[in-house]
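Open the model in a viewer and keep the selection tool at hand. The stops below go from a helix to a strand and then to the aromatic rings.

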Amino acid sequence: MLNRMLTIEIARVTEAAAIAAAHWRGRGDEKLADQAAVDAMRQALNAIVEMDGLVVIGEGERDEAPMLYIGEHVGGGKSWRIDIALDPLEGTTLCAKAMPNSIACVAMAEGGSLLHAPDTYMDKIAIGGGYPEGTVDLDYAPQENIARLAKAKGVPTAQITACILDRPRHEKIISGVRETGASVRLISDGDVAGVIHTADPVETGIDIYMGIGGAPEGVLAAAALRCIGGQMQGRLVTSSAEQKERARKMGISDFNKKFALNEMASGDVMFAATGVTDGSLLRGVRFDREHVTTETVVMRSATGTVRWIKNRRRADAGE
């Protein structure tokens, strides 16, 4: 089991990254915004003196430093052995353009509990909790998934909304969903938030997430969904021998395998996200002359706890 003190520590980590990124909000420079978030997140992680943390989902491979790379050790290394999946700035374009739903997010789990996914693509499908197991499946056509979800929810397909990344590769999925009469909410970036939104369709208006996005983001989303309840499947999409070799080094040899939610994130998992820009999940960082205000959600699978933390600090103060 994870130490409960991590509930506070993980929130500090995402708050630090979000504040650093928010200084670059709307300035049109994705790289500088991302680097600011990375630097702040690394510093906050290394300040957790009791944690022996291993980055299993990060910003890239070791030779891409100074990003938070896969295989990097963080924390003081004294006792708690923790696997870490992170995205210091989920939605770099959203932040650079001051668009909604950019967040800083981290998942922590007992050692060996998170899928070690390479930096490739992943085909994903996700819905919230409360539906019969197997309601949707990656191998079903979009039309069938919409029909099965509508039946399980007890509503006509016209009352279902699918969240899909706005990419040319998704044209068939989008047209398939619309054939059923369901609506599509296209997003330009930020598919971690897209998956999380399925867990609260009344608030977010999203019933299902479908399509191909980053594999690292898939593991982060799975960690969040493990905490709040839902169904998710993911399958790696590899387009080169180099990507397949990277996957093999991480222990993945079956490239047709559908990973279930508990295969991507198992055991005791914590997930935290802090808003960088305003969104349907979280409010973005607020600056005024004297204070900085953040909004963070922290979830834990072992207890099903979801904490909403609104934090205000002096603008001239550190953590």
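A residue is called buried here if its relative accessible area is under 20%. The model is predicted, and the tour reads it with that cut-off in mind.

Start by selecting residues 142-153, which form helix α4. The helix has 12 residues and spans 16 Å from its first C-alpha to its last, close to the 16 Å expected at 1.5 Å a residue. Within α4, show the side chains of P142, N145, I146, L149 and A150, which are buried. They lie on the same side of α4, because the arc they cover around the axis is only 130°.

What covers these buried residues? Then step past the end of α4 to G154, which follows the helix and has a positive phi, near 80°.

Next, select strand β9 (residues 230-237) and pick out V237. V237 has a relative accessibility of 31%, so it counts as partly exposed. Leaving aside residues up to four places away in sequence, V237 touches T120, Y121, M122, D123, I212 and Q243. For a distance check, draw a line from V237 to L2: the C-alpha atoms are 32 Å apart, with 235 residues of separation in sequence.

R169 lies over the face of Y121, 4.9 Å from the ring centre. Now move to F259, where K257 lies over the ring face at 5.4 Å from the centre. How many aromatic pairs does a search of the whole structure find? The count is zero.

Note on methods. Residues numbered from 1 in each chain as written. Predicted model: local features only at pLDDT ≥ 70, side-chain atom pairs only at ≥ 80, totals over all residues. Heavy atoms only, no water. Phe/Tyr/Trp six-rings, centres within 6.5 Å; stacked < 30°, edge-to-face > 60°. Lys NZ or Arg CZ within 6 Å of the ring centre and 35° of its normal. Helix = DSSP H or I, 4+ residues; strand = E, 2+ residues; numbered from the N terminus. Expected span 1.5 Å × (residues − 1). Buried < 20%, exposed > 50% of the residue type's maximum accessible area, 1.4 Å probe, protein only. Arc of directions from axis to C-beta. Contact = heavy atoms within 4.5 Å.
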